[in-house]
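Hi there,

Here is the structure I promised to pass on to you.

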Amino acid sequence: MQLKPKLTSVETSIFTVMSALANQHNAINLSQGFPNFKSDQKLIDAVSKAMNSGYNQYAPMAGNAELRKAIAKKFELLYNTSYHPETEITVTAGATQAIFTIISTFVRQGDEVILFKPAYDCYEPAIQLNGAKPIAISLKDPDYSIDWNHVEKSINDNTKMIIINTPHNPSGTVMSKADLLKLQELTEGTNIIVLSDEVYEHIIFDGEQHQSACLFPQLKKRSFITASFGKTFHNTGWKVGYCCAPKDLMEAFRNVHQFNVFSVHHPTQKGLADYLTNPDHYLKLSQFYQKKRDVFLNLIKDSRFTFTPSKGTYFQVLNFSEITSEKDTDFAKRLTVENGISAIPLSVFNDNQRDDKVLRFCFAKTEDTLKKAAEIINTI
């Protein structure tokens with residue numbers, strides 16, 4: 001039997017590699033993006049209550065109705081905009097499934113999809129699996145900003161989609177209002193769909209406002225927004241997210257979603273719906289994580305690493321160019337083995353073609369873990 005898989009050049013994920021290495025050497029794992037503390041017991045109790053109350057059969061394909069209404073209210077509260085819970089919001093098995101389904105719904109053989117590198121690693125394989133060509137545009141060094149002139153020159157008749165991510169993983173930067181206005185300008189009058197990955201929308205620092213695609217009327221008309229309850233409520237293992245889009249786009253999405261996942265874990269949806277009735281559960285998240293960021297950076301301020309404070313997400317990139325000239329992947333592995341701390345090299349988000357001498361550290365950890373990590377970092 002001769003097998004010809006669609007993806008032939010994909011290596012083992014760096015997250016798998018670094019976590020396995022961290023486990024092998026008993027290192028502090030700041031590589032993978034998950035909290036090492038519990039989510040709110042009130043939310044866990046709400047999900048348990050939903051199970052005990054009989055929410056154990058299939059949810060509606062689009063998602064639990066109460067949850068979709070709660071999501072709609074959140075958009076009204078935060079962004080003064082509306083998505084109809086019946087026709088414009090779908091609950092998904094995490095944001096990654098939403099992203100894959102959006103791409104699968106609209107992207108065909110011969111299409112081109114613009115994305116920005118370094119980029120989260122699920123975008124490009126989904127594009128390739130659907131026969132399209134990824135058009136990677138490098139974010140500018142050292143501030144990871146977008147060169148909009150380059151974007152404009154890259155748009156052509158084959159451009160089907162543009163993927164953005166703000167707050168940005170892995171760099172911890174955020175897109176500005178000017179960025180979104182430029183994207184709106186460049187896509188107006190085209191058939192280009194915008195996929196806006198906003199899973200860290202509630203984790204943004206220093207008084208900044210998250211610039212959601214839904215804030216810009218002409219951009220909203222062509223955009224999908226993807227979001228993650230796992231990122232917001234410290235339970236990444238639950239794999240529950242959602243996406244929002246205008247009715248015509250969402251109808252096409254659901255045509256694929258129903259045969260991909262159909263519906264998502266029902267008691268978790270019901271528990272989330274009840275939990276979202278208190279907006280404080282997400283409105284205070286930026287304050288919560290900014291404190292962790294500030295604690296972490298204050299602890300390592302005298303180290304040999306250099307940094308610009310993260311503007312969003314729960315990741316902080318640290319530049320090690322004053323420490324060593326090693327390739328970032330080699331340095332990351334050496335830190336894990338020799339120093340007992342694990343991080344992610346940014347070149348892996350950029351096809352290993354650009355090495356800025358930076359590592360990504362996750363600060364979604366207990367203060368005790370951050371203190372132990374800082375003690376190690378300060379010795380390097």
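**Helix H2 against helix H11**

Lys42, Leu43, Ala46, Val47, Ala50 and Met51 of H2 touch Pro267, Thr268, Lys270, Gly271, Leu272 and Tyr275 of H11, where contact means heavy atoms within 4.5 Å. Sorted by class, this contact of H2 with H11 has eight nonpolar, two polar and two charged residues. For the classes, Ala, Val, Leu, Ile, Met, Phe, Trp, Tyr, Cys and Pro are nonpolar, Asp, Glu, Lys and Arg are charged, and the others, Gly among them, are polar.

Before going on, please keep in mind that this is a predicted model: local features need pLDDT of at least 70 and side-chain atom pairs count only at pLDDT 80 or more, while totals for chains, interfaces and linings use all residues. Residues are numbered from 1 along each chain as its sequence is written, and side-chain values use heavy atoms, with hydrogens and water left out.

Helices (H or I, at least four residues) and strands (E, at least two) are DSSP runs, numbered from the N terminus. H2 covers residues 41-52 and H11 covers residues 266-275; they pack at an angle of about 130 degrees, with their axes 8 Å apart. The axes are lines fitted to C-alpha atoms, for helices over the stretch in contact, and the angles run from 0 to 180 degrees between N-to-C directions. H2 and H11 are therefore oblique to each other. On this scale, angles under 35 degrees count as roughly parallel, over 145 as roughly antiparallel, 65 to 115 as roughly perpendicular and the rest as oblique.

Helix H4 (residues 94-106) packs on helix H10 (residues 247-260) at about 110 degrees, with the axes 9 Å apart. H4 and H10 are therefore roughly perpendicular to each other, and they too have a right-handed crossing. On the H4 side, the contact uses Gln97, Ala98, Phe100, Thr101, Ile102, Thr105 and Phe106, and on the H10 side Leu249, Ala252, Phe253, Val256, His257 and Asn260. By class, the contact of H4 with H10 has eight nonpolar, five polar and no charged residues.

The axes of helix H1 (residues 14-24) and helix H14 (residues 328-339) come within 9 Å and cross at roughly 20 degrees. That makes H1 roughly parallel to H14, and H1 passes H14 in a right-handed crossing. Val17, Met18, Leu21 and Ala22 of H1 meet Ala332, Lys333, Thr336 and Val337 of H14. Those residues divide into six nonpolar, one polar and one charged.

**Loop residues**

His234 sits in the loop between helix H9 (229-232) and strand S8 (241-244). Is His234 buried or exposed? At 16% relative accessibility, His234 counts as buried; buried means under 20% relative accessible area, exposed over 50% and partly exposed in between (1.4 Å probe, protein chains only). Its side chain makes a polar contact with the side chain of Tyr289 at 3.2 Å. Such a contact is a pair of N or O atoms within 3.5 Å; within protein, one must be able to donate a hydrogen and the other to accept it, and residues adjacent in sequence count only if both atoms are side-chain atoms. Leaving out residues up to four places away in sequence, His234 touches Pro35, Phe37, Lys38, Ser39, Phe229, Leu285, Phe288 and Tyr289.

Thr306 belongs to the loop between helix H13 (285-299) and strand S9 (315-319). At 32% relative accessibility, Thr306 counts as partly exposed. Not counting residues up to four places away in sequence, Thr306 touches Val317, Leu318, Asn319 and Glu322.

**Backbone points**

Most residues other than glycine have a negative phi, and most peptide bonds are trans. In the loop between strand S5 (159-165) and helix H7 (177-187) lies Pro167, which is joined to Thr166 by a cis peptide bond with omega about -10 degrees. Pro170 is in the loop between S5 and H7 as well, and the bond from Asn169 to Pro170 is cis, with omega near 25 degrees.

Asp206 has a positive phi, near 60 degrees, and is partly exposed at 49% relative accessibility. Lys357, in the loop between strand S11 (344-345) and strand S12 (358-362), also has phi near 60 degrees.

Best wishes

How values were computed:
A crossing is left-handed if the near helix is turned anticlockwise from the far one by less than a right angle, and right-handed if clockwise.
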